[in-house]
Amino acid sequence: MASWKDQQAASADAAPPPDFFRKLADSGSGIFYTYWRSRDGTAHRFPYVSEQVRDLFGLDPAELQTDGNALFALIHPEDAQDLGQSILDSAQSLNPWQCRARLRLASGEYAWYEGFSRPERQSDGSLLWYGQFHDIQHYKELEQELRASEAEYSFQAGFQNLVARLSRNFIQPGPKTMDDCIDELLNDVGEYLRADRGYLYAFDDDYESMTKTHLWCRGGIPSLVDPDQTIYLDEGLPWHQKIVWMIRNNQVVFTGSEVERLTREGEDASTLASVFNVPLSVQGRVVGFMGLDFYVDGSWREDLDDLLIILSGLLSGVLERHLLEERLVNQSLKDPLTGLYNRRYLMPRLNEMIQRADRYQEDFCLAIIDIDHFKRINDTLGHMAGDAVLCQFAEILKRETRGADIVARYGGEEFVVVFPDQGSRETALAMGRILQAVRDGGFSFQGKDIPLTASAGLAAACEKGVCEGALDEVLGLADTRLYQAKQAGRNQFVDS
Ligand SMILES: Nc1nc2c(ncn2[C@@H]2O[C@H](COP(=O)(O)OP(=O)(O)OP(=O)(O)O)[C@@H](O)[C@H]2O)c(=O)[nH]1
């Protein structure tokens with residue numbers, strides 16, 4: 001007689017009871033189904049679908065047996081077309097069907113599902129698919145996280161590359177000027193951070209005004225319109241208040257659309273969504289700021305503040321070095337009393353110009369100007385008065401000459417003005433104006449008026465022909481004429 005144990009084993013090996021597969025299908029996590037579609041595709045239903053559709057989607061399997069629409073109505077609108085197409089493809093090719101789509105759960109939320117089934121053509125031409133679909137939301141979330149972290153990694157790596165490239169640019173600018181490098185920085189940073197506009201403003205020493213020095217705009221975005229490029233910081237305006245706060249705290253300022261609309265010169269406030277202002281400081285003092293404008297709200301990254309601090313550190317360092325270099329150059333090439341160029345700057349420039357005159361026939365004129373009876377001022381009013389007069393005289397020379405002219409202090413009370421691309425006639429006119437300005441100069445020291453005149457000798461580079469030692473000859477000629485002007489009674493100039 002068979003033992004109880006043998007009986008158990010025998011019953012387990014026996015053929016499964018009739019509802020075995022139904023029970024199996026209804027207890028798994030996936031949803032098993034058969035899907036029928038009429039030959040002409042106008043009718044469809046689920047002859048069998050496991051019980052889970054009731055809890056998961058709030059659908060009655062019995063209803064789906066007569067009409068499949070209720071299940072199709074749960075497909076996310078963005079996925080419906082692809083899913084429909086995949087069924088048609090499978091129907092035509094009789095290849096297995098596979099698709100991913102979002103389905104609306106009974107809770108109202110959507111979750112990702114993946115389905116897989118095999119089609120079978122029926123004798124009447126209709127089709128029957130056997131398959132299952134299951135929840136892949138978890139994998140989708142992992143996939144999204146992975147994609148996001150890959151995107152983040154590539155953004156960070158790109159940002160590091162950008163900073164490295166910009167730093168290299170500033171360290172080895174090649175033929176580019178500092179301004180070119182800053183323009184490039186605004187363009188690259190604006191593009192990278194998807195800003196619409198980037199700009200730099202520099203403050204005056206008293207923080208009363210700020211001047212726009214550089215501007216980049218994405219295509220189609222209008223420029224910032226500041227009359228004369230300079231804005232006076234009137235604390236009444238919301239944007240200005242923010243700038244003042246930035247100066248005081250040396251921190252990034254963010255202005256979003258949630259605050260009162262920016263009142264900014266030339267700006268259509270309704271289009272601007274957010275603005276970041278990043279202070280630039282040299283030796284601990286805020287000297288200006290970099291601004292980034294975004295036209296679409298929230299189109300910036302959450303950590304933009306931190307990224308901008310890195311860029312401001314880069315720019316601040318560059319500006320600091322540039323100012324230091326400029327100061328060193330000024331110290332070695334400029335006269336400390338008057339701020340004019342000194343001989344060390346003037347002579348090589350004149351040599352270059354003589355060579356260009358030789359090669360390209362670019363003529364130029366120069367004048368040596370000497371204050372008349374300057375010694376008397378020192379002797380009667382003291383050396384300090386003499387210094388003050390020299391400074392006021394230098395101001396007149398700068399004011400009465402063009403930006404392209406070179407104004408230098410040649411010696412004690414002797415000055416040289418070089419007029420590039422200018423003939424003798426225009427130079428004589430210019431010198432007439434300068435000497436008149438000296439006469440009208442209103443020189444004074446400690447409230448005492450000091451009447452002043454000056455004499456000058458003019459010479460043109462082409463007068464002596466351009467040969468070896470021509471510069472000495474041109475200067476010698478101007479000096480001789482200066483002497484002649486002095487001899488003729490001073491307060492005049494002598495030219496060719
Ligand atoms: N205060 C002051 N005086 C200077 C400076 N450099 C040169 N001098 C003086 O400038 C005076 C030049 O005098 P002179 O060369 O005799 O010529 P002048 O008195 O201008 O007479 P003329 O040129 O003949 O009209 C000298 O007394 C110098 O000491 C300076 O930097 N400051």
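This is a predicted model: local features need pLDDT of at least 70, side-chain atom pairs count only at pLDDT 80 or more; totals for chains, interfaces and linings use all residues.
Let me start with the protein as a whole, where the secondary structure comes to 15 helices and 18 strands. The protein has 496 residues, and 26% of them count as buried. As for how the chain meets itself, if we take the contacts between residues at least 6 apart in sequence, then 55% of these join residues at least 24 apart.

Turning now to the sheet, what we have is an open arrangement of five strands in the order 2-1-5-4-3, and the pairing is antiparallel. At the edges of this sheet lie strand 2, residues 44-49, and strand 3, residues 97-104, each of which pairs on one side only. Averaged over the sheet, and with direction ignored, neighbouring strands are turned by 30 degrees against each other. In general, strands of a sheet pair through backbone hydrogen bonds, and the pairing can be parallel or antiparallel. Here, if we look at strand 1, residues 31-37, we find that four bridges join it to strand 2 and that the two run antiparallel. To place this on the screen, please find Y33, which stands opposite V49 in strand 2.

Next, the helices. Two packed helices are described by the angle between their axes and by the distance between those axes. For helix 7, residues 137-171, and helix 8, residues 178-192, the axes come within 10 Å and cross at roughly 175 degrees. Because angles over 145 degrees count as roughly antiparallel, helix 7 is roughly antiparallel to helix 8. Which residues make this contact? From helix 7 they are G158, F159, L162, L166, N169 and F170, and these meet C181, E184, L185, D188 and Y192 in helix 8. Sorted by class, the residues of this contact are seven nonpolar, two polar and two charged.

Finally, let us move to the ligand, which has 16 residues around it, and of these D372, F374, K375, G386 and G412 come nearest. Which elements each supply at least two residues of the shell around the ligand? They are strand 12, residues 364-371, helix 12, residues 374-381, and helix 13, residues 383-399. Helix 13 gives the largest share of that shell, namely four residues. In terms of class, the shell around the ligand has seven charged residues, five polar residues and four nonpolar residues.

How values were computed:
Residues are numbered from 1 along each chain as its sequence is written. Axes are lines fitted to C-alpha atoms, for helices over the stretch in contact, and angles run from 0 to 180 degrees between N-to-C directions. Angles under 35 degrees count as roughly parallel, over 145 as roughly antiparallel, 65 to 115 as roughly perpendicular and the rest as oblique. Two residues are in contact if their C-beta atoms, placed from the backbone, lie within 7 Å. Ala, Val, Leu, Ile, Met, Phe, Trp, Tyr, Cys and Pro count as nonpolar, Asp, Glu, Lys and Arg as charged, and the others, Gly among them, as polar. A residue is near a molecule or strand if its C-beta atom, placed from the backbone, lies within 6 Å of it. Two strands pair if DSSP finds at least two bridges between them. A residue is buried if 20 or more other C-beta atoms lie within 10 Å of its own, exposed if 12 or fewer, and partly exposed in between; C-beta atoms are placed from the backbone.
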